[in-house]
Amino acid sequence: MKQNIISVEHYTPILIVGTGISGLAVAYYLSKNHMKYMIITKKNAPKQSNSFLSAANTRVPSENEINDIINLTIDKCGADRPVIETLYRNSGIIIDFFEELGIPYEKTSFGIMPECLIKSHGGKKLINSLLQHIEQPMCNKILIHLEKSDHGVIALFYDTQSDQFIRIYTNYLVLATGGYAGQFSYNDNSPGSTGEAHILAKKIGARLKGMSTVMCHPWSIYNGRQILLGGVVSMSQGKIVDKEGVQLLKDDHISDAIACDDYHEMIDEILKFQLDCIKQKKDMYLDLSHADENLLNEKFKKYGSSPNIVKNKRIKITPTMHYSSGGIEINANAEVINLNRVFVTGEAQFNGDLGMGRIPGQAFASGIVFGKLIADKITNEGVFSTQYQPSFKNPPETMRLYSKENNDFPIEEFQKKLSALMMDLTACHSPVVSLLFHKKELQESQNIILRRARGWGKRYEDILTLFFGYFVAMEIIEDLEGKNQNI
């Protein structure tokens with residue numbers, strides 16, 4: 001691929017990639033500080049993010065809870081102490097953030113969330129408000145390459161709408177691109193959560209950690225695409241049955257916690273139970289036979305679910321990939337270890353490598369708190385220079401996959417195989433011999449992609465997703481290998 005295919009070049013002092021709560025929070029605080037920046041998303045609209053789909057339940061511990069939450073997140077989730085201490089010792093920022101935006105909030109079991117008639121619409125309310133306070137995001141631009149220089153970073157994007165490659169030089173790069181749960185077939189994520197920023201950051205010197213740590217949410221419907229909120233789930237009184245109505249969940253302690261909508265610290269145990277059911281090929285249903293129908297319909301309306309999901313007074317459920325906790329290692333300023341002036345916020349950060357990797361409500365809290373801390377650090381530091389190299393050191397290998405002539409490479413077939421492999425890897429501890437075999441298999445498949453897969457527009461995007469997916473799977477294996485060595 002020739003270098004002159006790059007048809008557009010830009011300079012911006014600060015570049016933010018991603019328009020979820022994390023990216024928009026950085027943009028909001030930079031706007032407050034009167035700093036110039038550019039914000040970009042791969043989606044065709046800035047609202048297409050996991051944050052927009054979320055209820056925005058945000059963890060805000062009281063003063064006397066902070067130490068306990070810090071220790072819990074370190075001991076149970078494997079978080080880095082300096083990062084998690086910075087997050088929760090600055091969590092007062094969250095209340096100020098809501099109040100500055102003029103968003104009324106209500107208290108929840110572990111924090112706050114936007115006040116909404118439909119509880120699941122909290123993220124929509126928050127994101128819509130933020131978009132009114134920031135620079136207009138640029139859409140349809142997929143990050144496909146990064147290069148680090150002394151003065152900043154060169155980022156290469158492909159614009160799926162204009163079919164152009166865009167090269168942007170920036171002094172400060174903020175990666176707010178989300179996780180990689182979108183690489184799994186069963187997930188409730190925005191399709192853009194495919195992990196390319198993790199891989200590209202590693203190529204310029206970042207460290208990845210905990211990549212096999214992912215969290216499945218126990219209460220999903222519509223083949224994993226939507227999450228049922230606890231207010232609906234609790235109407236089952238913790239009764240989970242098979243298709244014949246036989247009780248499957250026999251742990252009264254867990255059932256009582258579900259009935260009280262206070263199960264969040266037990267999700268590991270619930271998922272273990274569900275995995276056992278799946279292994280036994282037993283479908284799972286929430287039993288609503290004892291629920292008051294009027295109250296149930298009221299709950300559906302309140303939490304944004306359709307009553308049509310109830311069949312014979314039961315709701316069929318399945319676990320779904322909800323988030324990925326592995327990611328790019330940062331310091332307490334959210335700056336990437338080994339990379340000055342490159343920041344990571346939100347799910348792209350390394351959050352933890354034990355259990356679920358993070359506790360409920362941490363995602364929005366982290367995005368808001370680190371959004372302000374990143375913006376303030378850049379504002380106070382302010383090292384800007386427009387000097388950069390006129391061309392790439394080496395042609396990006398991702399550009400080899402581009403062609404104006406599509407071919408018949410079976411992308412969907414390869415993607416299904418990759419997703420199945422990733423689910424197998426994260427669901428159980430594979431033996432070392434098996435991991436070595438899978439690693440070789442992944443390398444061979446990736447080489448096939450480089451040799452054979454070509455396309456442009458949406459097809460090129462699908463090829464890139466698959467290509468980066470193999471790298472993500474490789475990182476999962478390497479993380480599992482490290483965990484096996486420590487056993």
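This is a predicted model: local features need pLDDT of at least 70, side-chain atom pairs count only at pLDDT 80 or more; totals for chains, interfaces and linings use all residues.

I started with strand 10 and strand 15 (residues 314-324): they run antiparallel and are joined by five bridges. For "strand" I use DSSP runs of E, at least two residues long, numbered from the N terminus. Two strands count as paired if DSSP finds at least two bridges between them. I looked up His217 too, and its bridge partner in strand 15 is Thr320.

Residues are numbered from 1 along each chain as its sequence is written, and side-chain values use heavy atoms, with hydrogens and water left out.

Next I checked strand 11 (residues 226-227), which pairs with strand 10 in the antiparallel sense over two bridges. Ile227 in strand 11 stands opposite Ser220. The hairpin of these two strands has four residues between them, and there Tyr222 takes a positive phi near 55°.

Is strand 10 buried or exposed? Eight of the eight residues of strand 10 (residues 214-221) are buried, so the rest of the structure largely encloses this strand. My cut-off for buried is under 20% relative accessible area, with a 1.4 Å probe and protein chains only.

Then I moved to an open sheet of three strands, with antiparallel pairing and the order 3-5-4. Its edge strands, strand 3 (58-59) and strand 4 (105-107), each pair on one side only. Strand 4 runs antiparallel to strand 5 (residues 111-114), with three bridges joining them. I also found Met113 of strand 5 opposite Glu106.

Key. Buried means under 20% relative accessible area, exposed over 50%, partly exposed in between (1.4 Å probe, protein chains only).
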